[in-house]
Amino acid sequence: MNLHDLIGIIDGTLITKSAGLDREIKGGFGADLMSDVLASIQPEAVLLTGLCNPQVVRTAQMADVSAIVLVRGKQPPIETISLANQESVPLISTPYGMFEVCGRLHDAGLASLEQPISGECDCG
Amino acid sequence: MDQLHNIQSRAITDQEAQNITRLEELAYELRVNEVMTADLKALSPETPMVDALELFRSAKISGAPVISNGKLVGIISLEDLIRYLTNGGANSTVENFMSRNLITVRSTEPVVEALKLFVDTRHGRLPVMNEEGHPIGILTKGDITMGLLKALQRDYQIEELRTYRASHLFEDIVSDRTSLILRYTIKQGDFTQGGTASSRIKRALLRLGANPLIARRCGIATYEAEMNLIIHTEHGGIIRVEIEPHQITIEAYDDGPGIQDIDQAMRPGYSTASEEIRELGFGAGMGLVNISRCVDNMKLESTWGKGTRLRMKLFLQKPEGTPADKEIKA
């Protein structure tokens, strides 16, 4: 699945001007906690989130996220959009909720790129 | 290019506005004088058509402006030459066959304006005028295509060159131990800028030729540390990154308030962050846990009332005796 296909499946709207919609997505990941994203997302995933602040873009950039999908029709503030444009991270808005978006994409064959982390402390 | 033309030929819909590519951006950024042919092959109205024919053949052109006393008075195209060859007299001059319907473009206009003219007028070439209204060049669709391609290549080469220069830094400079130190001042409470330092560090590592997975681990660890400085300190702090060929050492330090119970702070899910911070997607008590998962070595020291110093190391070449299974995958 590429970004173009994904936009069709979730009736999405591309908010950023960034190109590269034929880029292949390896899988999906849904979360509102950026630390959870940083902890367990694998590279080249699409990030589904309800969070709209610029930190979403920074998180995406650090974790090599292919695109960000903002659920529930959220419109991000201008700082988020300009940062996304500057860092070439595509931002997509969809009218559907998180559960619906996950379901649609999973049905369409998109894999989960959420790496389980053990609940216990594995820190050194 | 076809897509570009179509978009310019009518009002842009929202759907199309979303699909603006780098190429289209360039059509707005590049000026006509950056892509035009400045070596002007011009004719004068009195030139015999035989000479015009010879010029077209020898210079391999398909059109030329007609200039009289520094002013543009017409344009001659291949079609005009064909008309001359079919029914022109031996004494015909350029004046008899040139087209006087002049559509010109100003040299300082963006290329996209010229593209609109090509679509609207179906002309094959446009004379380019300077601010004083004198012809200084000629522009064809081919010139625009070449100009856009060159600009795209330039974009690409600039980043290539930066990466090349940076990645040879350690080879070009000889010392017993070379290191590159990057320092960033992080302001307390500055959420909008949060992640800027980490983003720059990650980019620097990639330019230095670091493995993308190492750059990613480093970026994630530094980002968490940067957010901690923004969220939990009184006056912000410093991030210092030392890059050496065999390792990356990152230090994040501040002057307070410090961590009261380090063991508790290291426990997944433990957080002292406010509700406001949680709404930003942070403060889930995973920051230090994430850091420890991303780096090969981590040391956290803190004195309540004095400050905190977090030291992280990533090994680029495994030091002797490090068990392979200790490597933490990000």
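**Note on the predicted two-chain model**

1. Leu47(A) touches Phe29(A), Val37(A), Ile41(A), Ala60(A), Val65(A), Ile68(A) and Val69(A), leaving aside residues up to four places away in sequence. The structure is a predicted model. In soluble globular proteins, nonpolar side chains tend to be buried together.

2. As to the interface, 30 residues of chain B are in contact with 24 residues of chain A. On the side of chain B that touches chain A, the elements giving two or more residues are α11 (196-207), α12 (212-232) and α15 (287-294). The residues of this side comprise twelve nonpolar, twelve polar and six charged.

3. The crossing in which α11(B) passes α12(B) is right-handed.

4. Which residues of α11(B) and α12(B) meet? From α11(B) come Ala197(B), Ser198(B), Ile201(B), Lys202(B), Leu205(B) and Leu206(B). They meet Pro212(B), Ala215(B), Cys218(B), Gly219(B), Thr222(B), Tyr223(B) and Glu226(B) in α12(B). By class, the residues of this contact are eight nonpolar, three polar and two charged.

5. Most residues other than glycine have a negative phi, and most peptide bonds are trans. Gly256(B) and Pro257(B) are joined by a cis peptide bond, with omega about 10°. Pro257(B) is placed in the loop between β8 (247-254) and α13 (262-265) of chain B.

6. In chain A, Glu44(A) has a positive phi, near 65°, in a residue other than glycine. Glu44(A) belongs to the loop between α2 (34-40) and β3 (45-49), and it is partly exposed, having 16 other C-beta atoms within 10 Å.

7. Asp64(A), not a glycine, likewise has a positive phi, of about 55°. This residue is found in the loop between α3 (54-62) and β4 (67-70) of chain A. With 19 other C-beta atoms within 10 Å, Asp64(A) is partly exposed, because a residue counts as buried if 20 or more lie within that distance.

Terms used:
Residues numbered from 1 in each chain as written. Chains lettered and ligands numbered in written order. Predicted model: local features only at pLDDT ≥ 70, side-chain atom pairs only at ≥ 80, totals over all residues. Contact = placed C-beta atoms within 7 Å. Helix = DSSP H or I, 4+ residues; strand = E, 2+ residues; numbered from the N terminus. Nonpolar A, V, L, I, M, F, W, Y, C, P; charged D, E, K, R; others polar. Left-handed = near helix turned anticlockwise from the far one by under 90°. Buried ≥ 20, exposed ≤ 12 C-beta atoms within 10 Å, placed from the backbone.
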